[in-house]
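I opened the structure to look up a few local features and wrote down what I found. The entries follow in the order in which I made them.

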Amino acid sequence: YCYSVLFAGAGIRGGSIYGKSDAQAAFVKEAPVSTGDICATIYHCLGIDPEMRVPDQLGRPMEIAHGGHPIHDILV
């Protein structure tokens, strides 16, 4: 699946576009990101370490961004 996400404020560079899709916007053509990367970017902007671990229901440590990394190219 290919989704568009809009970020605004909170340290996001205004007027920027990240990545590309094909002519029908059906497939990622350049710079794919995961939902974990989107979560990590939001946590980073909020000042929360995306690599922070919290226990899951069984007490195992789990990264809050599920292994994602902030998308630094869209940050100020």
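This is a predicted model: local features need pLDDT of at least 70, side-chain atom pairs count only at pLDDT 80 or more; totals for chains, interfaces and linings use all residues.

Entry 1, positive phi. I began with Ala-31, which I found in the loop between strand 2 (28–30) and helix 1. Its phi is positive, about 60 degrees, although Ala-31 is not a glycine. I noted this because most residues other than glycine have a negative phi. Ala-31 is partly exposed, with a relative accessible area of 27%. The next case was His-66, in the segment after strand 4 (61–63). Phi of His-66 is near 50 degrees, again positive in a residue other than glycine. At 58% relative accessibility, which is above the 50% cut-off, His-66 counts as exposed.

I turned to the start of helix 1 and found a side-chain oxygen of Ser-34 within 3.3 Å of the backbone nitrogen of Gly-36. Which residues of helix 1 are buried? I listed Gly-36, Asp-37, Ala-40 and Thr-41. They lie on the same side of helix 1, because they cover an arc of only 140 degrees around the axis. I set beside this the general rule that an α-helix has 3.6 residues a turn, so residues three or four places apart point the same way.

What does Thr-41 touch, leaving aside its neighbours within four places in sequence? I found contacts with His-69, Pro-70, Ile-71, Ile-74 and Leu-75. With Ile-71 there is a polar pair too: a polar atom of the Thr-41 side chain lies 2.9 Å from the backbone nitrogen of Ile-71.

I noted a space of about 790 Å³ in the largest pocket. Of the 30 residues lining the largest pocket, Tyr-3, Ser-4, Val-5, Tyr-18 and Val-33 are the closest to its centre. Strand 1 (20–21), strand 2 and helix 1 are the elements that give two or more residues to this lining. I sorted the lining by class and got 18 nonpolar, 9 polar and 3 charged residues.

Methods
Residues are numbered from 1 along each chain as its sequence is written. Side-chain values use heavy atoms; hydrogens and water are left out. A polar contact is a pair of N or O atoms within 3.5 Å; within protein, one must be able to donate a hydrogen and the other to accept it, and residues adjacent in sequence count only if both atoms are side-chain atoms. Contact means heavy atoms within 4.5 Å. Helices (H or I, at least four residues) and strands (E, at least two) are DSSP runs, numbered from the N terminus. Buried means under 20% relative accessible area, exposed over 50%, partly exposed in between (1.4 Å probe, protein chains only). The arc is that of the directions from the helix axis to the C-beta atoms. On a 1 Å grid over the protein atoms alone, a cavity is a set of points where a 1.4 Å probe fits but cannot get out, and a pocket is an open set with protein on both sides within 12 Å along at least five of seven lines; lining residues have an atom within 4 Å of a point. Grid points are joined across faces, edges and corners, and a volume is the space filled by probe spheres set on the points. Ala, Val, Leu, Ile, Met, Phe, Trp, Tyr, Cys and Pro count as nonpolar, Asp, Glu, Lys and Arg as charged, and the others, Gly among them, as polar.
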